[in-house]
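Okay, everyone, thanks for coming. Let me put the model up on the screen, and then I'll walk you through it.

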Amino acid sequence: MTDRNPKQLFNTWLVLAAIVISSMALMAVAGPTVIVIAVLLGLAIVKSRVVALDFMGLSHAPSALRLGLLIWPAALVLLAAAKLVLSAVLLT
Amino acid sequence: MDARSYPIAAAAEEDTTDTLLLWVLVWSELAAFGILLVGFLVVGLIQPDAFAVARSHLDPLLAGINTLVLLTSGWQAALATRPRASLGQRRRALVNAALFGFAFVAIKLFEYSAEAGVAGDPAFGSFFELYFLVTGFHLLHVVFGALVLLIVAWRPAPGNVALITTLWHVIDLVWIVMFPLVYLV
């Protein structure tokens with residue numbers, strides 16, 4: 001349950017929207033290069049963190065609960081990054 | 001008859017704020033989606049060429065728009081959980097969250113309609129089978145979650161609101177991670 005007021009929640013949504021729109025613009029301009037994909041994977045962790053802390057209200061939750069939830073996106077993003085590296089190694 | 005005659009009522013009297021089962025449910029969802037996404041990554045590693053060609057038939061722009069739609073829905077769901085929200089504000093925010101959820105479904109089905117025509121090509125390996133499985137499983141969660149949001153808007157008890165909005169944010173979180181993994185990596 002969030003402890004943020006409506007203005008703070010609107011600001012959080014604005015930040016998230018800005019990240020999504022800038023990600024889409026980056027993809028449109030630069031294409032799906034390895035660097036762009038790495039940046040977008042990093043931004044996925046940032047977005048997950050913002051949703052968990054601000055929308056889900058976990059900023060004041062016990063650290064085990066907070067970390068337990070944030071490990072999930074971080075682990076998958078790390079696996080995806082490992083796949084990118086492995087693909088590059090296997091293709092060369 | 002007192003509360004001891006009804007174990008559930010007695011339990012409710014003891015503690016109405018324990019969220020243990022909610023987090024068990026959250027983690028079971030994350031585990032299921034985690035297994036599907038790891039499977040997608042592994043098969044992508046085994047069939048890199050087929051996945052690269054198949055991925056060119058996806059529409060990352062529509063997926064990006066859907067990310068925005070789902071985050072907007074999450075914002076509305078968060079507004080519904082504010083302790084100071086009035087009953088009317090809570091109901092309105094839950095209905096808005098559900099409507100954005102249905103918008104996500106409409107956009108995703110539109111996206112599927114374009115992809116279904118090419119999905120059967122054997123040159124794409126297992127990509128589209130896994131793509132429809134992973135994104136379809138998520139889509140079913142969005143449909144079900146949006147319907148439950150509407151039901152809870154009708155009966156917005158704090159416990160119900162906390163439960164469905166937490167699960168709704170988890171569905172949001174899953175999409176945030178699923179998007180780059182399925183469309184880009």
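One definition before we start: two residues are in contact if their C-beta atoms, placed from the backbone, lie within 7 Å. What you see is a predicted model, so local features need pLDDT of at least 70 and side-chain atom pairs count only at pLDDT 80 or more, while totals for chains, interfaces and linings use all residues. Residues are numbered from 1 along each chain as its sequence is written, and chains are lettered from A and ligands numbered from 1 in the order in which they are written.

So, how many residues does each chain bring to the contact? Chain A brings 34 residues and chain B brings 33 residues. On the chain A side, the elements giving two or more residues are helix H1 (6-30), H2 and helix H3 (63-91). By helix I mean a DSSP run of H or I with at least four residues; strands are runs of E with at least two, and both are numbered from the N terminus. H3(A) has the largest share of that side, with 12 residues. Sorted by class, the side has 28 nonpolar, four polar and two charged residues. Here Ala, Val, Leu, Ile, Met, Phe, Trp, Tyr, Cys and Pro count as nonpolar, Asp, Glu, Lys and Arg as charged, and the others, Gly among them, as polar.

Now zoom in on one pair across the chains. Helix H2 (residues 34-55) of chain A packs with helix H7 (residues 158-183) of chain B at an angle of about 175°, and their axes are 9 Å apart. Those axes are lines fitted to C-alpha atoms, for helices over the stretch in contact, and the angles run from 0 to 180 degrees between N-to-C directions. H2(A) and H7(B) are therefore roughly antiparallel, a label for angles over 145 degrees. Among the H2(A) residues that meet H7(B) are Leu40(A), Ala44(A) and Val51(A), and the H7(B) partners include His169(B), Leu173(B) and Ile176(B). That contact divides into 11 nonpolar, two polar and two charged residues.

Next, Met56(A), which is in the loop between H2 and H3 of chain A. Is Met56(A) buried or exposed? Met56(A) counts as buried, because there are 27 C-beta neighbours inside 10 Å. The cut-offs: buried is 20 or more other C-beta atoms within 10 Å of a residue's own, exposed is 12 or fewer, and partly exposed is in between, with C-beta atoms placed from the backbone. Leaving aside neighbours within four places in sequence, Met56(A) touches Val51(A), Thr166(B) and His169(B).

Over to chain B. Chain B has seven helices and zero strands, and 38% of its 185 residues count as buried. Inside chain B, helix H6 (residues 127-154) and H7(B) pack at about 155°, with axes 10 Å apart. That makes H6(B) roughly antiparallel to H7(B). By class, their contact has 15 nonpolar, five polar and no charged residues.

Last stop, the largest nonpolar core, with 68 residues; Leu181(B) is one of those with the most contacts inside it. A nonpolar core is a set of buried Ala, Val, Leu, Ile, Met, Phe, Trp, Tyr and Cys residues joined through C-beta atoms within 7 Å. H7(B) gives the most to this core, 16 residues. Not counting residues up to four places away in sequence, Leu181(B) touches Leu76(A), Ala80(A), Leu37(B), Phe40(B) and Leu41(B).

Note on methods: Parallel < 35°, antiparallel > 145°, perpendicular 65-115°, else oblique.
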